[in-house]
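Please read the report below alongside the sequence and the structure.

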Amino acid sequence: MKLLLVEDNPHLADEMDAFLKESGFVVERAATFDEASERIAVYQYDLVIVDLGLPDGSGLDLITEIKQKETDTGILILTARDAIEDKVSGLDLGADDYMTKPFHKSELNARIRSILRRHKFNRSNIIQLAEIKIDLLASQAFVNEVPLSLTKKEYDLLLYFMQNSTRLLTKESIAEHLWGDHIDQANSFDFIYNHIKNLRKKIIAAGGKNRIQAMYGMGYKFTPDQ
Ligand code: CA
C-alpha cells in the first residue's frame, strides 16, 4: 500500500513517516503544496494524507486535484484543532475522514486501514480470488485454507496483484508500488522477477495455480479465471 504524506511540519512528518513505514506502508512525502500537486499528477497512491495548512497553498485544493484524477485514492485530512470549517469543506470535497492534531499513532493507523478497506475491499477484511485468500487484518495469505509463509515484499506483491486482478501491471508500476520512488528502477526489476518467482513457487507448493502470468516485455497480470 502506497501512501503520500503531505505535511509541512518536518518533525511531525518524520514521526508519521517512521510510524507508517513500521506499519508496513510505502511512504512518499511532500512538504509543500507544489510538491504534493506534482506527485499527485504523476504517481498513483492508495491513500493521501493531507495537512490542510501548507505554506504555499491549501490542502483543500489538493483534494480537488486528487478527485479530478478519478482514481480510487483514499484521502485523510489533518487539521488544527480550531479549523472546523476547513474540516467540513474537506469532507464536502470528497475526503474520506479527518484527524485533528495532535493525534495518537494508533488512531492514525486505524483510520487509514478503515479508509483503505472502504476503497479497496468493499469494507471486508478478506479478499478472495479463486483459491487464493488474503486476511487483511492478520496480513496472512492462504491457498484454499493452507497458510502461505510469505516475506513482507511477497505479501505486498500478492496483495497488489489481487487488488488489480486481470489488469496488466508494468514492472515500473510494481517497482513504484513496492519501493516508492527511492530505488533505482533498473535494479529493482531483477528484484521483482525474483519476488514473483518465489511467490509463484509458494502458491503452487500450497496447491494453487500459477495465476501470475508474465506478459512478455510488458509486465505481469493476475488471472483468477484460468
Ligand atoms: Ca501545516
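## The largest pocket

The lining of the largest pocket is made up of 6 nonpolar, 9 polar and 6 charged residues, where Ala, Val, Leu, Ile, Met, Phe, Trp, Tyr, Cys and Pro count as nonpolar, Asp, Glu, Lys and Arg as charged, and the others, Gly among them, as polar. This is a predicted model, in which local features need pLDDT of at least 70 and side-chain atom pairs count only at pLDDT 80 or more, while totals for chains, interfaces and linings use all residues. Residues are numbered from 1 along each chain as its sequence is written, and side-chain values use heavy atoms, with hydrogens and water left out.

The volume of the largest pocket is about 480 Å³, and of its 21 lining residues, Gln44, Asp46, Lys120, Asn164 and Arg167 lie nearest its centre. Helix H5 (105-120), helix H6 (152-163) and helix H7 (171-179) are the elements that give two or more residues to this lining; helices (H or I, at least four residues) and strands (E, at least two) are DSSP runs, numbered from the N terminus. On a 1 Å grid over the protein atoms alone, a pocket is an open set of points with protein on both sides within 12 Å along at least five of seven lines, a cavity is a set of points where a 1.4 Å probe fits but cannot get out, and lining residues have an atom within 4 Å of a point. Grid points are joined across faces, edges and corners, and a volume is the space filled by probe spheres set on the points.

About 60 Å³ of space lies in the largest cavity, and the residues that line it include Ile40, Tyr43, Gln44 and Ile66.

## The calcium site

Asp8 (OD), Asp51 (OD) and Gly53 (O) are the protein donors of the calcium ion, lying 2.2 to 2.4 Å from it. Donors are N, O and S atoms within 2.8 Å of the metal (3.2 Å for Na, K and Ca), and sites may look incomplete, as water is not among the atoms. Asp8, in the loop between S1 and helix H1 (10-22), and Gly53, in strand S4, are 45 residues apart and link distant parts of the chain. Asp8 is partly exposed, with a relative accessible area of 30%, and Gly53 is partly exposed at 48%.

## Backbone geometry

A cis peptide bond with omega of about -5° joins Lys101 and Pro102. Ala130 has a positive phi, near 50°, in a residue other than glycine, and Asn144, also not a glycine, has a positive phi of about 50°.

Conventions. Buried < 20%, exposed > 50% of the residue type's maximum accessible area, 1.4 Å probe, protein only.
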